[in-house]
Amino acid sequence: RRGYSAVVVLGHPKYYPRFGFVPAHTFGLTCEFPSPPEAFMAIELEPRTLRGIRGLVRYLPQFAGVS
């Protein structure tokens, strides 16, 4: 796990749920990139990690040109 307690992804909505990912908006998270809400997902690796956390998720600048 490398010290992470939650993970967010912007990916295919039929692929990531098989690993436990759910739409990130259920945690109050939004993506900085325009995307369908079902494609922006999150998973808590430790229970209740995202409880009370809300807001915009920003990616590293290197991801800005990825399509």
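Predicted model: local features only at pLDDT ≥ 70, side-chain atom pairs only at ≥ 80, totals over all residues.

Residues are numbered from 1 along each chain as its sequence is written, and side-chain values use heavy atoms, with hydrogens and water left out.

**The overall fold**

Switch to cartoon. You'll find five strands and zero helices in the protein chain; here helices (H or I, at least four residues) and strands (E, at least two) are DSSP runs, numbered from the N terminus. The C-alpha atoms fill a box of roughly 30 × 25 × 25 Å along the principal axes.

Now select β1, β4 and β2. They form an open, antiparallel sheet in the order β1-β4-β2, where two strands pair if DSSP finds at least two bridges between them. β1 (6-10) and β2 (22-23) are the edge strands, each pairing on one side only. Zoom in on β1 and β4, which pair over five bridges. Click valine 8 and you can look across to alanine 42, its bridge partner in β4.

**The core**

Which residues make up the largest nonpolar core? Select Ala24, Phe27, Leu29, Cys31, Phe40, Ala42, Leu50 and Val57, eight residues in all. β3 (29-31) and β4 (40-44) are the elements that give two or more residues to this core. Such a core is a set of buried Ala, Val, Leu, Ile, Met, Phe, Trp, Tyr and Cys residues joined through side-chain atoms within 4.5 Å. Buried means under 20% relative accessible area, exposed over 50%, and partly exposed in between (1.4 Å probe, protein chains only). Of the 67 residues, 21% count as buried. Center on leucine 50: leaving aside neighbours within four places in sequence, leucine 50 is in contact with Ala6, Phe27, Leu29, Ala42 and Glu44.

**The aromatic cluster**

Next, show Tyr15, Tyr16, Phe19 and Phe21, which form one aromatic cluster. Rings of Phe, Tyr and Trp (its six-membered ring) pair if their centres lie within 6.5 Å; planes under 30 degrees apart are stacked, over 60 edge-to-face and the rest tilted. Tyrosine 15 and phenylalanine 19 are edge-to-face, 5.3 Å centre to centre with 65° between the planes. The tyrosine 16 and phenylalanine 21 pair is also edge-to-face, with centres 5.4 Å apart and planes at 80°. Phenylalanine 21 is buried at 11% relative accessible area, while tyrosine 16 is partly exposed at 24%.

**The salt bridge**

Pick arginine 58 and glutamate 32: their closest N and O atoms are 3.8 Å apart, forming a salt bridge (a side-chain nitrogen of Lys or Arg within 4 Å of a carboxyl oxygen of Asp or Glu). Arginine 58 lies in the segment after β5 (55-57) and glutamate 32 in the loop between β3 and β4, so the pair ties together parts 26 residues apart in sequence.

**Last stop**

Finish at arginine 48, in the loop between β4 and β5. Phi of arginine 48 is near 65°, a positive value in a residue other than glycine. Most residues other than glycine have a negative phi.

Conventions
Contact = heavy atoms within 4.5 Å.
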